[in-house]
Amino acid sequence: MSISYETVIGLEVHAQLKTESKIFSAASTQFGAPPNTNTDPVTLGLPGVLPVLNMGVVEMAIKAGLATHCEIAPRSIFARKNYFYPDLPKGYQISQFELPICQRGWINIKVDGQEKKIGITRIHLEEDAGKLLHDFGDSDFSHVDLNRAGVPLIETVSEPDMRSAAEASAYLKHLRDIFVYLGICDGNMEEGSFRCDANVSIRPVGQKEFGTRAELKNMNSFRNVERAIEYEVKRQEALLADGKVVVQETRLWNADKGVSESMRSKEEANDYRYFPDPDLLPLIVDAKWVERLKNSQPELAHEKSLRFQKDYNIPEYDAEVLTADRSIAEHWEKSVQGLKSLEAKKVSNLYMTHLLKLQKETPETFERITSEKVIEILHLVESGKISLNMAKEVLDEVAGSDKAVADIIAAKGFVQISDTATLEQTIDKVLADNPDNLAAYKGGKEKLFGFFVGQTMKALGGKANPQVVNDILKKKLKS
Amino acid sequence: MELHQLTIAQAIEKLAKKEISSAELTAACQQRIQQTESQLGSYITLTQEAALAQAKAVDDRRAKGEPLPPLAGIPLALKDIFVTKGVKTTCASRILENFIPPYDGTAVRKLIEQDYVLLGKLNMDEFAMGSSTETSYFKKTKNPWNLEYIPGGSSGGSASAVAAGQCLGALGTDTGGSIRQPAALCGIVGIKPTYGRVSRYGVVAFASSLDQVGPMTQDVRDSAILLNTIAGHDPLDSTSVNRPVPDYTQSLKTDVKGLKIGVPKEYFIEGLDAEVKKSLENALEQYRSLGAEIIEVTLPHTQYAVPTYYILAPAEASSNLARYDGVRFGYRSPNAKNLTEMYQKSRSEGFGPEVKRRIMLGTYVLSAGYYDAYYLKAQKVRTLIRRDFEAAFQQVDVLLTPTTPTPAFRIGEKSDDPLKMYLSDIFTINVNLAGLPGMSLPCGLSSQGLPIGMQLIADYFQEEKIFHAAYAYEQATEWHRKRPSL
Amino acid sequence: MIQKDTVATIAKLARLEFTEPELMTFADQMNQILGFMEQLDGLDTSKIEATSHAVDIPGPMREDRVVESNVIESLLKENAPDHEDNFFRVPKVL
């Protein structure tokens with residue numbers, strides 16, 4: 001009989017913080033600059049330079065901690081992690097070791113409709129390393145670019161609380177959503193601004209002790225995290241089935257081959273010799289600062305979704321779609337609040353069927369569609385001046401030009417006729433021109449209602465307000 | 001009196017009165033260097049043309065009646081640990097033999113803002129690791145009082161140059177006594193200010209929690225003048241303290257009536273040279289006669305300072321010196337065939353034996369399994385040493401001790417015995433561990449004609465008390481006027 | 001007592017290389033120095049907090065602002081042991 005195993009996963013996530021300058025110096029963090037131009041004496045680790053902590057970094061770390069229910073340490077310490085590598089200018093990385101800025105938090109994830117709480121051990125601050133290029137110029141050499149060196153990172157270490165690749169992926173997505181929502185990280189796994197290492201082990205179901213774990217690296221998408229973990233679990237199960245043991249090691253995921261490879265041969269026994277950085281005094285965070293940040297903390301996606309469902313009476317699905325992106329959620333809510341009578345659900349439909357598509361396809365021009373513009377246009381829908389379909393076309397024009405809404409509508413000839421007198425006149429004429437159909441309708445052929453509507457719309461060049469046309473027609477046909 | 005013998009204060013006055021020009025003064029120092037440098041070996045780099053050009057520029061501006069800062073046109077020199085933009089900065093190491101920094105450190109920038117004249121960069125122990133300036137990759141500096149003796153270290157080039165009149169004053173750095181010990185052995189005044197008083201930005205780091213910059217000068221007034229210039233908060237140094245800088249020349253008073261001077265009994269130990277002891281007793285007598293009150297105090301953990309220091313300083317140094325890897329600047333071994341060899345050969349060929357010894361020690365005490373026993377333990381003892389001083393300063397204004405257990409020793413005498421060399425810092429190391437200000441000033445000459453120094457220590461940011469006590473003593477004695485006959 | 005192979009391990013961590021006789025000398029000297037440090041063992045420090053810094057103030061912070069610096073060009077030109085285009089160049093990292 002084969003033993004059944006339980007998977008145990010803990011994740012270490014590195015998120016680059018979206019500050020202007022580096023964590024310990026005033027060099028720029030801008031992505032994509034020419035090699036080594038985002039450097040200064042501190043970044044380059046020149047003799048005599050000293051680090052000075054960026055307050056923006058601390059603020060973002062506190063926000064991350066608050067959003068993940070962590071305790072914010074009133075006093076935390078920077079330590080040096082010593083090792084040699086060409087992308088590490090000082091020969092040590094400034095990180096936090098014994099006293100990190102955030103500890104003991106959690107977030108809730110949802111897998112297959114089940115909620116689960118995942119513990120967060122700690123979130124600490126550290127500096128990123130530079131980059132090595134292995135295939136530039138002469139192949140006997142590697143090339144060092146230190147633009148990324150000193151970019152601020154937070155490392156979030158989870159408890160070993162996840163039991164499947166799906167849970168790990170859900171945790172990772174949720175964490176990313178939180179950081180993106182907070183505006184502290186752009187969450188791009190492919191570009192490396194959001195990176196994940198996974199500690200994976202298995203143990204017989206019911207056993208308390210953890211099995212020996214492998215650390216998985218180099219997974220640059222959510223999909224690859226799942227694949228790598230699934231592969232690792234199978235690998236470990238196969239080893240144990242063969243009567244072999246799992247060795248503690250670091251393994252690199254090779255997405256092309258769909259396998260992970262041991263890094264053991266390349267890795268020397270490391271002894272990082274952590275000690276408190278004498279150049280940096282303790283980071284003191286006073287309670288008032290935390291309180292201020294707590295009060296200015298944005299509502300997160302999950303809370304926002306619940307509130308939208310309750311306050312605006314929209315379905316869960318709509319609420320989740322709208323709140324997936326903080327800027328869209330805020331955009332939508334502002335629009336809805338600016339309207340008088342249009343149902344929130346209708347506005348939600350407009351966003352989901354049309355505006356989200358515009359945002360995705362033409363993000364550069366989407367900025368022109370402010371909530372104010374949406375409100376201005378939807379007011380015209382409310383007052384019956386234009387239809388929702390017309391509104392969509394107007395929105396397209398708003399995105400594509402700087403023209404005023406009124407001018408767009410005028411140019412398109414989008415003037416919806418809601419004036420009762422005009423409509424009655426036209427309807428009377430339609431009825432008078434079609435005596436046979438009128439008789440048939442009155443004789444019970446109610447399907448012909450649509451015919452009369454169509455004739456009326458046609459007579460008015462499609463600009464009649466369909467709702468008003470319906471109302472008048474019903475009244476007239478009854479009499 | 002020759003121009004190169006002027007104190008900074010005298011030179012400032014003569015320049016202001018236009019009795020002399022900066023060009024004359026600078027040329028006088030350069031001539032003195034030319035006469036004596038082959039014997040002394042104080043300098044690693046001379047900036048001759050730039051110095052004269054700067055002196056002339058200041059003279060021109062003075063002639064035009066432009067307002068000038070106090071140190072304008074004063075020829076000074078810097079220990080080669082100060083990062084100077086465009087001027088080679090070697091730290092007396094092969095690994096930085098050709099390093100030309102692209103920036104200026106903060107203390108240097110403050111001197112530049114004063115329009116000072118830089119004569120050159122001074123010899124030192126490699127990376128400031130040493131007490132005799134014998135570990136320099138380039139040369140051994142001699143004591144101007146007797147060329148067979150060491151000038152002290154690590155700021156030995158600075159002390160030698162100031163004592164010999166090769167510059168009017170200099171800046172040094174002090175991690176375990178590197179300003180005060182050579183000042184004592186060369187018969188000049190050297191102050192290590194409170195940790196955090198002077199910015200460390202642009203000073204090549206040895207042990208970051210202990211390093212501090214300070215002036216090395218012919219007398220106490222010059223010391224105050226230079227400290228006025230370089231002290232103060234620097235946003236580029238997180239450990240620099242934001243506290244107003246007083247005008248230290250205002251503390252130069254001769255009346256010490258009622259001043260409480262503490263004498264720690266632990267400093268008068270076996271192994272203290274009899275002549276040094278005698279000089280200290282004479283100094284105490286001098287103070288007594290000036291009306292100061294002498295009080296015996298105890299610093300019970302004094303004996304632990306040297307072992308504590310030689311755990312903490314090498315630990316920090318092992319990490320601080322990791323950046324010398326041959327990647328971005330400095331020496332890269334031409335013999336390296338791969339990346340591992342690039343690291344190992346560049347560092348092994350680039351660093352001298354004492355530096356390697358300290359890197360090894362520091363790496364060891366931080367390594368897994370030993371951290372608690374050595375590093376953490378030493379940090380705790382450091383707390384005890386700090387508390388000793390805190391208790392003492394409840395009772396007294398300043399402490400008076402010998403700066404060194406003996407006058408200068410012979411070149412080569414201790415260079416093969418690291419531990420013996422380390423013990424020569426026994427009286428100065430405590431002050432760095434506690435972070436306190438301390439000054440060495442001349443208080444005697446041995447029967448062999450070698451200078452003897454005494455050390456004044458005050459509480460945090462109480463440099464004014466040191467200047468006060470030092471100036472009163474100096475004015476009452478003649479030691480500071482003695483100069484080597486070179 | 002530190003043995004020669006411990007010294008060799010430490011040397012590797014510190015990226016230093018020594019000849020056999022040098023390793024022996026270092027082992028001797030380190031033993032002498034570490035032996036001297038043993039006098040700290042006699043002190044009871046169990047209730048003493050560690051001092052990492054000589055100053056006891058909160059660490060300062062700076063505003064998140066970029067300050068342009070132009071040192072890279074001269075560093076590459078005057079100081080870099082080896083460079084290609086705007087990169088520092090090192091023997092191939094395997």
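What percentage of the 94 residues in chain C is buried? Buried residues make up 30% of chain C, where buried means that 20 or more other C-beta atoms, placed from the backbone, lie within 10 Å of the residue's own. Before going on, keep in mind that this is a predicted model, in which local features need pLDDT of at least 70, side-chain atom pairs count only at pLDDT 80 or more, and totals for chains, interfaces and linings use all residues. Residues are numbered from 1 along each chain as its sequence is written, and chains are lettered from A and ligands numbered from 1 in the order in which they are written.

Let's stay with chain C. Its pattern along the sequence reads α-α-β-α-β-β, counting DSSP runs of H or I with at least four residues as helices and runs of E with at least two as strands, numbered from the N terminus. Chain C is more spread out than a compact globule, because its radius of gyration is 23 Å, well over the 12 Å that the globule rule gives for 94 residues. That radius is taken over C-alpha atoms, and the rule is 2.2 Å times the number of residues to the power 0.38. The C-alpha trace of chain C spans about 55 × 45 × 25 Å along its principal axes.

Now for chain B, with its 15 helices and eleven strands. Here 66% of the 486 residues count as buried.

How do the two chains meet? In chain C, 43 residues are in contact with 53 residues of chain B, contact meaning C-beta atoms, placed from the backbone, within 7 Å. H2(C) gives the most to the side of chain C that touches chain B, with seven residues.

Zoom in on H2(C), residues 20-37, and its partner H9(B), residues 305-320. The two helices pack at an angle of about 125°, with their axes 8 Å apart; the axes are lines fitted to C-alpha atoms over the stretch in contact, and angles run from 0 to 180 degrees between N-to-C directions. H9(B) and H2(C) are therefore oblique to each other, the class left over once angles under 35 degrees (roughly parallel), over 145 (roughly antiparallel) and 65 to 115 (roughly perpendicular) are set aside. Pro307(B), Tyr310(B) and Ile311(B) on H9(B) meet Ile33(C), Phe36(C) and Met37(C) on H2(C).

Note on methods. Contact = placed C-beta atoms within 7 Å. Buried ≥ 20, exposed ≤ 12 C-beta atoms within 10 Å, placed from the backbone.
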